[in-house]
Amino acid sequence: MLGVHFAITPEQERSLLAAADDGDGDAVDELIEESWTEDGLKVDTDKAWDAIHRCLTDGTLEPDGGEYPLSHAVLGGRRLHEEYVVVYLTADEARDVAAALQHVDRGQLRQRFDAIDDPDYRGALDDADFDYTWDNFVDVRAFYQRAAAAGRAVVFTAT
């Protein structure tokens, strides 16, 4: 599954939440698949989102694993779709995540990466896998800074 974070406008946020509240999965899908012209307010993490979430939480893919706000950088937050991974954070939560991510350095992430002990993790858990995870983490951290500065809510999808 490939991961993407989107910093959504207030209008997109209202539409997305209305569709989710109505249980309209197709409308949620359409809103997520919209054309995103603001590249700085979108970040692709390919498959690294899995390791990033594990490193920021308790080593699992549990959305509630670990502590807020780091747990909300990827899978924590409000689930908006029953079949697909579509997770929503308010603008306030995105600001909290942005602030918390600023304090995670390469050494800390490596320590947490090396502690991943889950047979369901499909990565290699080697130096190349960590470098891939770190590079994507740096992109996610910068994305959250931009989203927070813009006062935007965030949606994470994995498809």
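This is a short chat about the fold and some residues of a predicted protein model.

User: What are we looking at, and how many helices and strands are there?
Analyst: It is a predicted model. The protein has six helices and five strands.

User: In what pattern do they come along the sequence?
Analyst: The pattern reads β-α-α-β-α-β-β-α-α-α-β.

User: What radius of gyration does the protein have, and what would a compact globule have?
Analyst: The protein has 15 Å. A compact globule with 159 residues would be near 15 Å, so the two agree.

User: What box do the C-alpha atoms fill?
Analyst: Roughly 40 × 30 × 25 Å, taken along the principal axes.

User: How much of the protein is buried?
Analyst: Of the 159 residues, 48% count as buried.

User: What share of contacts joins residues at least 24 apart?
Analyst: That share is 73%, among contacts between residues at least 6 apart in sequence.

User: Let's zoom in on α3. Is it mostly covered or mostly open?
Analyst: Mostly covered. Nine of its nine residues are buried. Among them are W49, D50, H53 and R54.

User: Which residues of α4 are buried?
Analyst: A91, A94, V97, A98, A100 and L101. Their cover includes α3, β4 (85–89), α6 and β5.

User: New topic. Where is Y68?
Analyst: Y68 is in the loop between α3 (48–56) and β3 (78–79).

User: What does Y68 touch?
Analyst: Y68 touches E93 and D96, leaving out residues up to four places away in sequence.

User: How far is Y68 from E82?
Analyst: Their C-alpha atoms are separated by 23 Å. Along the chain, Y68 and E82 are 14 residues apart.

User: Is the peptide bond from Y68 to P69 cis or trans?
Analyst: That bond is cis, with omega near 5 degrees. P69 sits in the loop between α3 and β3. Most peptide bonds are trans.

User: Which residues have a positive phi without being a glycine?
Analyst: D46 is one, with a phi of about 50 degrees. L125 is another, at about 55 degrees. Most residues other than glycine have a negative phi.

User: Where are D46 and L125?
Analyst: D46 is in strand β2. L125 lies in the loop between α5 and α6. D46 is partly exposed, with a relative accessible area of 35%. L125 is partly exposed too, at 33%.

User: Now H5. Is it buried or exposed?
Analyst: H5 is buried, with a relative accessible area of 0%. H5 lies in strand β1.

User: What lies 2.8 Å from a polar atom of the H5 side chain?
Analyst: The backbone oxygen of A73. A73 is also among the contacts of H5, along with V74, F143 and L41.

User: Where is L41, and is L41 buried or exposed?
Analyst: L41 lies in the loop between α2 (25–32) and β2. L41 is buried, at 9% relative accessible area.

User: What is L41 in contact with?
Analyst: Beyond four places in sequence, L41 is in contact with H5, F6, A7, F143, R146, A147 and R152.

User: How far apart are L41 and F6?
Analyst: They are 35 residues apart in sequence. In space they are 6.0 Å apart, C-alpha to C-alpha.

Terms used: Residues are numbered from 1 along each chain as its sequence is written. This is a predicted model: local features need pLDDT of at least 70, side-chain atom pairs count only at pLDDT 80 or more; totals for chains, interfaces and linings use all residues. Side-chain values use heavy atoms; hydrogens and water are left out. Helices (H or I, at least four residues) and strands (E, at least two) are DSSP runs, numbered from the N terminus. The radius of gyration is taken over C-alpha atoms; the globule rule is 2.2 Å times the number of residues to the power 0.38. Buried means under 20% relative accessible area, exposed over 50%, partly exposed in between (1.4 Å probe, protein chains only). Contact means heavy atoms within 4.5 Å. A polar contact is a pair of N or O atoms within 3.5 Å; within protein, one must be able to donate a hydrogen and the other to accept it, and residues adjacent in sequence count only if both atoms are side-chain atoms.
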